[in-house]
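Colleague: I would like to learn how to read the packing and the chain contacts of a model.

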Amino acid sequence: MLVHLQGPWTPVLGRLTLQQIPYENPILLGTFTFVAVLAIAILAATTYFGKWEYLWREWLTTVDHKKIGVMYCLLGLIMLFRGFIDALMIRTQQAIAVGHEAPGYMGAVHGYLTPFHLGQIFTAHGLIMVVFAATPLLVGIMNIIVPLQIGARDMAYPYLNALGLWLTTAGAALVMVSLFIGNFAHGGWYGFVPYFELPYSPGVGVDYWIWTFQLSAIGTSLGSINLIATIVKMRAPGMTWMRLPIFTWASLSTNLIALTSFPVLMVSLALLALDRYVGTHFYTAGMGGNLMLYSDLFWVWGHPEVYFLILPAFGMMSEIIPTFSEKPLFGYATMVIASFAIGGVSWGVWLHHFFTMAASPSVNSFYSVTTMLVGIPTGVKVFNWVFTMYRGRVRYELPMLWALLALFLLLVGGMTGMMNAFASSDYMWHNGLFVVAHFHMMVLVIAASVFGAVEYWFPKVFGFKLEQKWGKWFFWFMILGTGWTFVPMFLLGFAGMTRRLDYIPYMQWSPYLHVMLVGMVFYVLAVCFFVAHLYVSLRDRVSNRAGADAWGTGRSLEWMTHSPVPAYNYAFIPHINVLDEWAWRKENGLTELHAGDYEGIHMPKNTGIPLFLGMLFMGLGFALIWRIWWLALLCVALIVGLIILRSFDRDTDMTIPAHEVERVERGARDETPATARSAGMPGGAVTAHSALRPGTDGIGGGTTSTNPSWAPMDR
Amino acid sequence: MRASAAQKVDPAHATLWARHYPGHDMIGTRTFGFWLYMLTDAMVYAALFASLGVLSHVVNLAGGPSPSAFINPVYAYGETITLFLSVLIYGYSMVALKNGNHSGVIGSMFAAMLLGMVYLVIAGIDIREMFAQGIIPEASGFLSIFFTIIIYHALHIIVGVVWMLVMMIQVAREGFSANVVYRLINLRLFWHFQAVIWVFVFTFVYLQGMVV
Amino acid sequence: MTEHTQNPLNHPEVQLANGRAYLVSFILSMLLTTAGLWLAITHITTPFGTVLVTSFLAGAVVVIQGYFILHMDISHAQIWHTVAMVLFLPLFVVTIGLTAWMFHGLYQRTMLMPPGASDMAQMSHPPHERTPS
């Protein structure tokens with residue numbers, strides 16, 4: 001059944017040989033040295049400070065949705081950095097390799113990256129940014145916030161939640177492994193057939209791409225099942241559908257998209273894998289395959305996927321803007337409808353990714369019209385945000401700044417998106433830089449919202465706010481970088497430059513490419529400011545302690561529990577009476593969180609099995625990539641065995657006793673910022689610490705607003 | 001939406017905390033999530049059937065055998081009978097669960113599992129005969145999707161059989177604890193769903209393959 | 001998550017098991033699939049007619065099984081299962097239908113027909129969408 005391979009293969013190591021380690025490439029050698037030194041430093045530090053047990057107990061085996069969310073975000077940030085380095089290399093290569101007299105270094109004819117190397121870089125850049133940076137960041141934030149917003153103590157399936165995290169991590173780790181063992185796919189992140197078929201891409205790069213993608217798809221699907229079941233089944237009493245916080249609505253919509261669309265991605269990748277491993281003819285050019293079937297299946301997932309990414313971002317903006325406008329969200333019901341309209345329409349637009357494939361005019365027209373329809377609910381959202389700010393007390397704190405940037409970028413990205421919706425003009429700029437600039441605007445909407453959401457919810461998770469000074473430098477340099485990089489990219493798109501060029505023959509494009517390089521310098525500085533931002537925030541964490549309602553004007557339920565949130569989220573399950581329950585309670589002076597005697601709380605126990613399953617799946621992926629069949633079979637057997645074994649485990653739950661709950665809650669209530677010096681260890685044991693100020697109403701922490709937060713909103 | 005202050009809930013008499021909240025319906029939550037998973041699996045089949053539609057053009061036969069030339073409806077019909085019977089008997093196992101009858105659950109499940117194995121044997125013979133005639137997935141685009149669909153369905157049956165084996169042991173060991181009960185319900189959803197999918201496979205792959 | 005302290009066998013999803021409904025579903029499903037098989041073997045109608053009727057029979061079997069053995073109804077215990085399925089149904093139609101539609105046009109434009117094979121071109125349609133030729 002298995003295909004006949006070109007090149008050597010041994011039963012023990014499969015295709016793996018020493019020649020597969022690219023030690024002769026100075027860039028990869030440098031990267032490897034950097035990663036190895038960093039890894040050794042981290043391992044040594046963990047050992048030196050005796051943190052292994054802590055790491056294992058509190059993080060690696062946790063099933064706590066907040067910690068899992070934090071780890072998702074960390075994974076997303078690390079991969080965001082990796083993707084950014086890739087972007088830096090693409091931009092420098094394109095700035096150097098202009099004109100036939102451009103110099104060449106390190107084996108490249110022009111520039112310093114060979115076409116094969118650059119191909120791997122832009123493929124990795126796209127894949128990493130979409131599925132290993134944006135997705136984990138968004139899933140992580142949803143993981144942390146959604147259970148808090150609906151008054152639940154955990155996700156519906158805590159164990160599955162951890163499994164989703166470790167599967168995604170396994171995929172990300174395999175992408176990193178591909179740097180140093182073998183190579184990565186080099187034909188673009190969404191793949192091309194028959195180019196990605198074995199005869200044309202005989203190396204392991206495409207196999208890395210298939211299995212990393214597949215792992216992240218499985219992880220995200222599991223996460224989406226979990227979030228949907230959590231929202232449908234785990235809401236606190238009284239939390240009717242129309243009292244659901246808007247971010248939770250956005251999460252529900254986005255996870256419905258993920259749930260329905262990711263299976264199609266799995267099919268499209270699995271059929272390609274069958275072509276490569278078994279020798280079937282799904283996408284081959286001859287023997288009855290159909291090349292366009294791949295594009296079709298891939299984008300059946302691919303377009304819903306981009307709305308999967310953007311909807312949580314919209315949800316974040318919808319939470320941040322009312323909080324910092326000190327007003328309820330304008331048009332809550334229309335916002336909900338718009339979220340679901342976007343989710344629905346997302347399922348009927350995928351052909352606009354390949355208008356040029358020679359479908360009939362009626363088909364192209366249909367998809368043009370559906371694509372333009374997306375603009376209507378999006379427009380509703382934009383106007384709702386604007387009207388929320390209108391006559392509000394707008395405070396330009398960091399989360400709000402990011403939300404406003406996201407709003408602005410959404411206008412630019414949305415308008416250019418409408419231009420791309422015309423099938424006729426798509427024939428002019430298909431695969432051009434105009435399209436690239438457009439979707440980078442849209443992913444920057446996501447990036448800006450995520451940074452805003454991190455600033456916004458950081459005190460909820462860690463108990464202290466991020467500082468503002470370096471954060472603002474970071475913010476402004478991100479704007480500078482975005483402007484200097486993407487305005488020239490739009491112009492180059494109009495000039496007709498296509499994407500993924502390793503060599504640019506036209507000298508007249510050179511100024512634009514150099515301006516883009518300036519933008520990258522701003523981005524690099526922004527990254528430095530971001531690091532400073534984090535460092536200063538951690539250093540000054542004691543003076544930045546935040547109370548439960550960190551911003552003073554929080555509206556939804558998550559501001560009703562301590563910051564950082566105790567492991568059990570709510571000592572007493574709240575009963576929900578209105579939309580924006582916390583704002584309502586503040587208006588009516590109902591901010592007391594102590595409701596009587598504490599009770600024991602039933603929680604799931606930690607387990608290391610999801611971590612082991614993640615490792616085994618990584619091993620399975622590695623074995624399949626290198627065609628080490630014995631290892632693949634062993635991993636499958638161990639995975640099945642471990643899953644069955646776990647189902648026999650009856651000791652999966654525990655009860656936090658009432659006195660323990662009381663101790664944690666008392667600590668949270670009695671502690672004042674002055675005595676909190678030992679607490680708030682970043683990423684420490686999530687016990688409750690909240691600054692209740694005696695003599696004030698409720699537990700509102702520091703707010704920059706001079707008005708009481710419970711003042712009537714309409715003037 | 002109106003400002004929350006205007007919403008007509010009297011703060012003086014509002015219930016603020018759900019004291020002694022019994023918790024969420026654990027079994028209902030588990031089965032709902034599993035049902036969502038089954039629907040994603042149905043989406044996998046939808047994508048596979050869409051591929052079947054695309055790869056059913058005469059070009060996709062690549063000069064190889066057309067389905068009407070090699071499909072043997074006897075095997076497919078045999079698979080239909082065994083699978084539907086297995087589903088029926090698994091249903092009786094659920095009736096026994098309702099009555100709290102341990103041996104009834106295990107006995108019916110054993111019969112359902114045996115029928116699942118019979119299904120696998122029939123499918124195996126069917127596939128082996130086709131392979132012996134040179135009708136293999138590598139032969140053409142159409143045969144690729146044809147075999148992918150029927151083998152993917154057979155894989156589900158294998159999973160179901162293994163799962164039933166595990167559940168019989170768990171029922172014997174633990175009795176009807178909440179964990180065992182939700183797994184039995186999930187297995188019911190899984191197993192009964194295979195019958196629904198089989199209706200599509202039988203009709204669109206086998207019957208209509210024979211006609212055109 | 002708090003466990004139910006009461007007997008799990010009292011859960012509504014356990015209690016909805018119904019032996020008679022399963023038997024009815026089995027008998028009806030067997031009758032209808034047998035009818036489909038008989039149509040396909042005997043070639044009693046045109047190929048298009050067979051495709052149409054077998055598709056219809058499959059739809060009927062699925063509805064019967066969905067109601068009797070998957071318990072897709074709007075009772076309190078099952079409502080969310082049903083809602084989730086109803087949400088998926090249009091997406092199945094969209095995935096298969098729109099794909100078929102675009103490839104139908106695509107094949108007409110890109111595939112060179114072998115002589116005499118043009119009557120088979122319609123195979124790119126899923127059967128239930130086929131129009132009489």
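Predicted model: local features only at pLDDT ≥ 70, side-chain atom pairs only at ≥ 80, totals over all residues.

Modeller: Residues are numbered from 1 along each chain as its sequence is written, while chains are lettered from A and ligands numbered from 1 in the order in which they are written.

Colleague: What share of the residues of chain A counts as buried?

Modeller: A residue is buried if 20 or more other C-beta atoms, placed from the backbone, lie within 10 Å of its own, exposed if 12 or fewer do, and partly exposed in between. In chain A, 58% of the 715 residues count as buried.

Colleague: Which residues have the most contacts inside the largest nonpolar core?

Modeller: A nonpolar core is a set of buried Ala, Val, Leu, Ile, Met, Phe, Trp, Tyr and Cys residues joined through C-beta atoms within 7 Å. The largest has 334 residues, and Ile310(A), Ala406(A) and Val445(A) are among those with the most contacts inside it. H6(B) gives the largest share, 23 residues; helices are DSSP runs of H or I, at least four residues, numbered from the N terminus.

Colleague: What is Val445(A) in contact with?

Modeller: Contact means C-beta atoms, placed from the backbone, within 7 Å. Beyond neighbours within four places in sequence, the partners of Val445(A) include Ile310(A), Ala406(A) and Gly413(A).

Colleague: How many residues do chain B and chain C bring to their contact?

Modeller: Each brings 56 residues. Helices H1 (26-54), H3 (73-98) and H6 (178-211) of chain B each supply at least two residues of its side.

Conventions:
Contact = placed C-beta atoms within 7 Å.
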